[in-house]
Amino acid sequence: MEFTTPKSYNNTKVSVGMVVNSKGEIISASMNNQNKTIHLNSEIDEIGWPIPHKIEFILNGLNNKNEKILTKCYGDLIKLSERVDVMAEIPQFVKNIVSGVAGTKPYIYQFSNEFNLEINLPNGEIIKETGLGYNEATFISAIQQQD
C-alpha cells in the first residue's frame, strides 16, 4: 500500500508491503519509502484522473533473518473490474460544493488482471510466478500526479 499525505503533511510518501507464501508465512515485509508503486501508460479518463494501463510494485523488504529481499510484481491493467464514486450517495449539490471547495473527487479504480511476480532471495535464487492479481488505485484530491 502506498499513499501520499496532503500538502499540510508535506506530501510525504508512505509505503507498506508484505509478501507471503501459499501457507501464509511471511517471506518479506517492509515499511519504507524505498518501496515503489509505479503507474505506467496513464491516460486521463472522463472523471479527470490519470488511470494507469500498466502497474509495477517494487518492494524492498526484509525476511525474518533481517536479510534483504527484492520483490517485483507487475502487469497490464486490461480489465477494470469497477470504478467506485466514493461520494455517489451524497446529493449532487453537496458533492459539487465539496469538490469545488476542498478539491476532492474521490474515486476507487479496481482491477483484476494477470500479474507477474519475481522474488529475489538472499541466496541469489529468483522465484517467478504468474497469477491473478487484484489491485486498487484510489484518487482523492488533486495533487500533482506523475506517470
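View 1. Methionine 31 belongs to strand β3, which spans residues 26–31, in what is a predicted model. With a relative accessibility of 66%, methionine 31 counts as exposed, because the cut-off for that class is over 50%.

**View 2. The edge-to-face pair of tyrosine 109 and phenylalanine 139.** By the ring-centre rule, the count of aromatic pairs comes to four. One of them is formed by tyrosine 109 and phenylalanine 139, whose ring centres are 5.7 Å apart and whose planes stand at 80° to each other, an arrangement classed as edge-to-face. Tyrosine 109 is part of strand β10 (residues 104–120) and phenylalanine 139 is part of strand β11 (residues 126–141), so the contact ties together parts of the chain that lie 30 residues apart in sequence. Tyrosine 109 has a relative accessibility of 2% and therefore counts as buried, and phenylalanine 139, with a relative accessible area of 5%, is buried as well.

View 3. At tryptophan 49, lysine 105 lies over the face of the ring, at 5.3 Å from the ring centre.

**View 4. Helix α1 and strand β8, the two ends of the confidence range among the elements.** Helix α1, which covers residues 92–102, has the lowest mean pLDDT among the elements of the protein chain, at 67, whereas strand β8, which covers residues 68–76, has the highest, at 96. Where pLDDT is low, the coordinates of a prediction should not be read in detail. For the protein chain, the average pLDDT is 87, and 90% of the residues score at least 70.

**View 5. The setting of the close-ups within the protein chain.** The protein chain holds one helix and eleven strands, and from the N terminus on these elements follow the order β-β-β-β-β-β-β-β-β-α-β-β. Taken along the principal axes, the C-alpha atoms fill a box of roughly 60 × 35 × 25 Å. Of the 147 residues in the protein chain, 30% are buried; tyrosine 109 counts as buried, while methionine 31 counts as exposed.

Key. Residues numbered from 1 in each chain as written. Predicted model: local features only at pLDDT ≥ 70, side-chain atom pairs only at ≥ 80, totals over all residues. Heavy atoms only, no water. Helix = DSSP H or I, 4+ residues; strand = E, 2+ residues; numbered from the N terminus. Buried < 20%, exposed > 50% of the residue type's maximum accessible area, 1.4 Å probe, protein only. pLDDT = per-residue confidence, 0-100. Phe/Tyr/Trp six-rings, centres within 6.5 Å; stacked < 30°, edge-to-face > 60°. Lys NZ or Arg CZ within 6 Å of the ring centre and 35° of its normal.
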